[in-house]
Amino acid sequence: MCGVFGAYSPSDFVAEEVYLGLSALQHRGQESAGVAWIDGGGRMNSIKGMGLVHEALSQSALSEAPVRSVIGHVRYSTNGSSMLQNAQPICANYARGPVAIAHNGSLTNFNELRTTLENRGAIFQSTGDTEAILQLLAHQPKLKPFDALRNALTEARGAYSLVVLMEEGLVAARDPWGFRPLVLGRRGDNYYVASESCAFGLLGASFVREIEPGEVVLINGKGTSSYRLPIKTDRKWLCSFEYVYFARPDSVIGGQSVYRTRREMGRKLASRDTPKADFVAAFPDSGTTAALGYSEASGMPYESAVVRSRYVGRTFVQPTQKVRELGVRIKLHPCGELFRDREAVLVDDSLVRGTTAGHVVSMIRECKARALHLRISSPPVRYPCFYGIDTPSSGDLAAAGQTTADVARTVGADSLHYLSREDMIEAIGLPPDSLCTACFDGRHPDF
Ligand code: SF4
């Protein structure tokens, strides 16, 4: 999970807009941020830093940058360790000119690509997979950069939603399986590309359309030109977890409102099993929308009984277990008097490692709650994701190899119930063969 953003304007300076767009995508990655642009001398330039957008980048410096085409990235580490070297966009000035790439997703054939490229003499600067795309492109010096990019992408497998900057223009590209979202926006003659539509509102830009799976769009002074990658797929694999957790609720993905989908997930969860409790509460903010749906369908009142500090990042996107564990207590805290001698349903969007649930349940137990029923508005996560999410091995996953009753005991809840895979798909409202559900059911795509 990372966020990518790109802006092209025939007349306006857009670096500050990219800063704002990245800020709107901050929930997709908090480890590093960066921007890249081509300077007046035709060289690629970039600024990258560790931390949140406002820590990594200077808004005032960008507001004065005289550049009309800029790309940016917020990173959450999956492939490659947490260090500045792996911050994106990754940039190069090669034989055919300047190129910069910002990538959301993970290439499943990165190791093969890297070995092949190293055998051809490539020297990798980072440990991330995005550099493989850049190296594949640079190893075709006879082709113009845009044609070399399209060729390079035919060799990549797995998940990539890209914004790329080159002299021919701003490029948006999405893998043929369509794992991660990527959308096109417009304000007047200015074009914007973003991981999620929520980034357009801040700029007064309107949503134009999604970049289709397998589509490569070139944006420049001639407008937009669309191309197809020559890779056939029998179905699509849009990540269902985008609806469960990753995306912002004010985004629309695959034509479906993330907010409405989460609310429906909560409603469906309540329709299957409703313990008699005094109230419904959420793990804020990720479980709030589903908890509202649960409250609506169950008739139990909703209470904002767990408080979230606004100034601490979401723990799931922190890269180490130690930071994650510390983060939960800093971030979430129960209102003790609401729980004392009462029975509550606690709703969260997902239960991945179980760290957050365990800490929150134990804090609520300290408030002398009578009973706590944990309800999860997605199915148990039992399998790893290889497409851009940091759940690399089943050993990290609370539900892998454990029954639901075991997980309930581990996190200290009196009962635990998950949304079924079928109900999740129905709540999303897209055909089952257009969604990836691999981390829930182990049905990984065969490339
Ligand atoms: Fe999304 Fe899960 Fe598929 Fe990964 S495995 S792309 S998290 S649905």
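Rings of Phe, Tyr and Trp (for Trp, its six-membered ring) form a pair if their centres lie within 6.5 Å, and planes under 30 degrees apart count as stacked, over 60 as edge-to-face and the rest as tilted. The structure holds twelve aromatic pairs of this kind. It is a predicted model, in which local features need pLDDT of at least 70 and side-chain atom pairs count only at pLDDT 80 or more, while totals for chains, interfaces and linings use all residues. Residues are numbered from 1 along each chain as its sequence is written, and side-chain values use heavy atoms, with hydrogens and water left out.

**An aromatic pair**

- The rings of F5 and Y192 have centres 6.2 Å apart and planes at 40°, so this pair is tilted.
- Because F5 lies in strand β1 (residues 3-8) and Y192 in strand β10 (residues 190-194), the pair ties together parts that are 187 residues apart in sequence; strands (E, at least two residues) and helices (H or I, at least four) are DSSP runs, numbered from the N terminus.

**Helix α9 and its partners**

- The axes of helix α9 (residues 258-272) and helix α10 (residues 288-298) come within 6 Å and cross at roughly 45°, where axes are lines fitted to C-alpha atoms, for helices over the stretch in contact, and angles run from 0 to 180 degrees between N-to-C directions.
- Helices α9 and α10 are therefore oblique to each other, since angles under 35 degrees count as roughly parallel, over 145 as roughly antiparallel, 65 to 115 as roughly perpendicular and the rest as oblique.
- In the contact of α9 with α10 (contact means heavy atoms within 4.5 Å), the α9 residues include R262, G266 and L269, and those of α10 include L292, G293 and E296.
- The residues of this contact between α9 and α10 divide into seven nonpolar, four polar and four charged, where Ala, Val, Leu, Ile, Met, Phe, Trp, Tyr, Cys and Pro count as nonpolar, Asp, Glu, Lys and Arg as charged, and the others, Gly among them, as polar.
- Helix α9 also packs with helix α15 (residues 421-428) at an angle of about 145°, with their axes 8 Å apart.
- By class, the contact of α9 with α15 has four nonpolar, one polar and five charged residues.

**Helices α5 and α6**

- Helix α5 (residues 130-138) and helix α6 (residues 145-153) pack at an angle of about 125°, with their axes 8 Å apart, which makes α5 oblique to α6.
- I133, L136 and L137 in α5 meet P145, A148, L149, A152 and L153 in α6, and the residues of this contact divide into eight nonpolar, no polar and no charged.

**Around the ligand**

- The ligand is surrounded by R180, C239, S240, F241, C385, Y387, I389, C436, A438 and C439, each with a heavy atom within 4 Å of it.
- This shell divides into eight nonpolar residues, one polar and one charged.
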